[in-house]
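Good morning. I will take you through one structure today, going from the whole chain down to single residues. Please have the sequence and the model open as we go.

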Amino acid sequence: MAEEKEQRYDPAAIERKWQERWAAEPALYAAEPASSKKPKYYVLEMLPYPSGQLHMGHVRNYAIGDALARQMWMRGYNVLHPMGWDAFGLPAENAALKNNTPPREWTQGNIAAMKRQMRRIGFSYDWATEITTCLPDYYRWNQWFFLRMLEKGLVYRKKSKVNWCPECATVLANEQVVDGCCWRHEDTKVEQRDLEQWFLRITAYAQELLDGLDKLEGWPEKVRTMQRNWIGRSEGAEVDFFLEEQGAREQGSKRSESQRIRVFTTRIDTIFGATSVQLAPEHPLVAALAAGDPKLKAKVNELIEEQRKAREAGDVGGIEKHGVPTSRFALNSYNGERVPIWVANYILMDYGTGAIMSVPAHDERDFEFATKYGIEIRQVIQPVQPVEYEDGAELLPFLSEDGVLVNSGEYDGLTCAEAQRRLQEVAEQGGFGNAAVTFRLKDWGISRQRYWGTPIPMIHCERDGLVPVPDDQLPVILPNKIEITQQGGSPLARVPEFVNTTCPRCGGPARRETDTMDTFIDSSWYFYRYTDAKDTKAPFDSAIAQYWFPIDQYIGGVEHAILHLIYSRFWTKVMRDLGMVTNDEPAERLFTQGMVIKDGAKMSKSKGNVVSPDDMVARYGADATRMYALFAAPPDRDLDWQEDGVAGVSRFLGRVWRLATKYAPVARSEAAKPSIAANGSAVQLRRKLHQTIAKITLDFEGRWHFNTCVAAIMELVNELQAADAQLAAGEIPAPVVRELLRTLALLLAPFAPFLAAELWEQLGGEGAILRASWPRSDPSLAKEDEIEIPVQINGKLISVVRVAAGADAKTIEAAALADEKVRLRAATKTVAKVIVVPGRAVNLVVK
RNA sequence: GCGGAAGUGGUGAAAUGGCAAACACACCAGCCUUAGGAGCUGGCGCCCAAAAGGCUUGCGGGUUCAAGUCCCGCCUUCCGCACCA
């Protein structure tokens, strides 16, 4: 067989063969039912939007998940590894406009194309559980959930200021606005509009979403921090100031009992330092005060305009603080002090109460504002540690809570913390305030004025008002026949067959809601559907979900840290409260992989640096492409795509192929007795093999540094190749050859599944390699008998000595002192101390 | 401004506090030839003609017998947050 002509490594042929084989045998990748004896493992990668083209970011994401899934199969787990399509969304409508293709057709075509790409790359998905969110059998459950939430009071409708993307011609959620621009159209400024919207009451879970983060130890700290910031909890108090009666000044201040101004503050302890009350320009009271004052009204409108512009520019923090005084005053509830009421552009109507007490001495923003307008700055907190002045340095504003109250009447001398407690109590007893917690998180606006989404299952009846669609009339089907135009408003409103209906309550004529749902709803619960994808009675079977959940490992990009990942957590908690699941969180562990970049920049069409997976696969094969994606960098770091690197991996796989096919006949031969001669090369090769198994196995359990796993396999192959002469001469016993090559195939299986499967077959492996057992490292075989110990003098490396692996300190010391280089160096000096770390190093301290 | 991550050869990178640069890419030299996007051998951090030797993990300190790794200060880059009362 040494003369046998070498067959060249032909990835295209091998991959085609196995792709067909796997397609014909879908059960290979199917999870066993919940009754399985095996331990379960749910590995999930984020489902893609079916744009029609897989990009390298997907390939990397899915290569990581696939390596894990395959390894877990081989380790004997019952693995659920599904895939689906986040198939609703605006691009389908844009494509419809552009190519005159209906969104459904366009989407289905893209799904088919991407599925082909995924099969071509060899991801081990169970296609029997595939879900497509734009199909009625999926989105009907969005509608069903909407109705359940409505029953629970988690859905409401209100007119509100919304983010409007002119490009999308629809509303965006707060989470979808990035730097004042649309998350899909980075150059398109988001506008503010007033519209009637459906909201999900995610804020009802704000506290729990926050608390849960502490327990999500398997999630990256970065993501948890981002979510904490997003939820933005702040603890403080709400307290009323009273509006002074107009024209009451002459007779002494008189408070209006009906008109209160409620402010939110985290520093109630500084209230005696409040020297003005500041209202947001859109505060209802402002409109009332400005009603009879055209000048004020004009100025307020300017402030509103400034805020709007800043918001649209995404630079709310950057605008210069402006304000305008009103002619009215507010009275401090604690001491009756009279302070002016201003309207200021740095006060936001949608946070807290839209009004603040301004304490310039103890708040930076108030300080800036008061300095500008000459408003009194009154210090009411005395630092415990006297603040040191450098000449001319400002003491104020003093922001720390490490101080005691001054200028605060009966509260003088209390610490800030004590004062906060006391003042809150007093406010509560006096009926003018209470402790309060405010969140930055807003309710989730889900209405979209688009066609390609889940219809909101509500009916507007002239008589009965808003009526939910009864469960037995679900799904509300998205009509197929529709003309997509670029006109504003909901496209569905222009489809009479859809709009016109009868009221489920009175049977009279009624109109359907024509807005559709935000597509983030689709992805908020899709991973539950995978567990029971064909269910026609419910979104999924609770018992099955209970078996699979939580997801053991979720893998995706960090760009979803606050959108998808916060909505998903919310949805899980709602389902738990509906009694559908028992887990509090969807995923035990989350891994966020780095971006794929090219020439130092994110791949994008505009930069023209996009690398197509199809090209890579065509040139170098699927195995080389996905293996390079794992080899080029650790998975959590950004990866710079270098085509030469893919070529290198492909050449490596070619070496593996030649080596394995060359000695496959030996590995398969029954001739050799299983006795393994203790021949030097064989022992050494087996040692390397077992070291490699140990390294890779450990990495899968811990760090996931698949780049070094691939490197370890390369080292192993380099050693095998260096032993080619011995192999060719038959000096390595056949059972050892078999062990070496079969194990090599097993180790490759998570990374290069096509080649691994082919070699497994050629090496006479039983059954599918995916069902073969992951190799075990035998420590006694992996152990070295002799090791090298570095010898240092005063910490500097001088020499290296070889000693037996288990050598004790004494032996190592003797060997080190006997070393010639060491003797030369130490000859004229006194050895003061010898530090020996057995198995590690020797250090001689000499003087 | 606040929070986080990262800075190591020409490049991607590796290194439980114990031989810095494994494994690759690129490059150089040679061999082979069925002339291939092939294969094989060797070289490849910097200084020095070479050897010997010296230097080297963004910068400056420190801890330690020993620091890329731990601590303190600074610089740079990237990411997130940023009038949130």
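A residue counts as buried here when its relative accessible area is under 20%, and as exposed when that area is over 50%. With that cut-off, 54% of the 847 residues in chain A are buried.

What you are looking at is a predicted model. The mean pLDDT of chain A is 89, and 94% of its residues reach 70 or more. Where is the confidence under 50? Over residues 1–5, where the model has three contacts beyond four places in sequence. Where pLDDT is low, the predicted coordinates should not be read in detail.

Now the overall build. Chain A has 26 helices and 34 strands. Along the principal axes, the C-alpha atoms fill a box of roughly 115 × 90 × 50 Å. Take the contacts in chain A with a separation of 6 or more: 73% of them join residues 24 or more positions apart.

Next, helix 23. Is this helix mostly covered or mostly open? Mostly covered, with eight of its ten residues buried. The buried ones are P753, F754, L755, A756, A757, E758, L759 and W760. What do they pack against? Their partners are helix 1 (11–23), helix 2, helix 4 (103–121), helix 17 (622–631), helix 18 (643–668) and helix 22 (734–748). Just after helix 23 comes G764, with a positive phi of about 80°.

Rolling a probe the size of a water molecule over the atoms shows where empty space is left. How many cavities of 30 Å³ or more does the count give? One. The largest cavity has a volume of about 30 Å³. Its lining consists of R70, M74, A749, P753, A756, I769 and L770. Helix 2 (56–74) and helix 23 (753–762) are the elements that each give two or more residues to that lining. By class, the lining has six nonpolar residues, no polar ones and one charged residue.

Now some backbone details. Most residues other than glycine have a negative phi, and most peptide bonds are trans. Here are some exceptions.

Which peptide bonds are cis? One of them runs from L474 to P475, with omega near -5°. P475 sits in the loop between strand 22 (465–468) and helix 12 (496–499). Another cis bond runs from F549 to P550, with omega near 0°. P550 belongs to the loop between helix 14 (542–548) and strand 26 (553–557).

Then there is positive phi in residues other than glycine. N100 has a phi near 60°. This residue is in the loop between helix 3 (90–99) and helix 4, and N100 is exposed, with a relative accessible area of 71%. N407 has a phi near 55°. Its loop runs between strand 17 (403–405) and helix 11 (416–430). Is N407 exposed or partly exposed? Partly exposed, because its relative accessible area is 49%, and exposed requires over 50%.

Last, a record. Which residue does UniProt list for "binding site"? The unreviewed entry lists K605. In the model, K605 is in the loop between strand 29 (601–602) and helix 16 (613–620). K605 has a relative accessible area of 80%, so this residue counts as exposed.

That is the end of the tour.

Note on methods:
Residues are numbered from 1 along each chain as its sequence is written. Chains are lettered from A and ligands numbered from 1 in the order in which they are written. This is a predicted model: local features need pLDDT of at least 70, side-chain atom pairs count only at pLDDT 80 or more; totals for chains, interfaces and linings use all residues. Side-chain values use heavy atoms; hydrogens and water are left out. pLDDT is the predictor's confidence in each residue, from 0 to 100. Contact means heavy atoms within 4.5 Å. On a 1 Å grid over the protein atoms alone, a cavity is a set of points where a 1.4 Å probe fits but cannot get out, and a pocket is an open set with protein on both sides within 12 Å along at least five of seven lines; lining residues have an atom within 4 Å of a point. Grid points are joined across faces, edges and corners, and a volume is the space filled by probe spheres set on the points. Helices (H or I, at least four residues) and strands (E, at least two) are DSSP runs, numbered from the N terminus. Ala, Val, Leu, Ile, Met, Phe, Trp, Tyr, Cys and Pro count as nonpolar, Asp, Glu, Lys and Arg as charged, and the others, Gly among them, as polar. UniProt positions are given in the numbering used here, feature names are shortened, and annotations may be inferred rather than shown by experiment. Buried means under 20% relative accessible area, exposed over 50%, partly exposed in between (1.4 Å probe, protein chains only).
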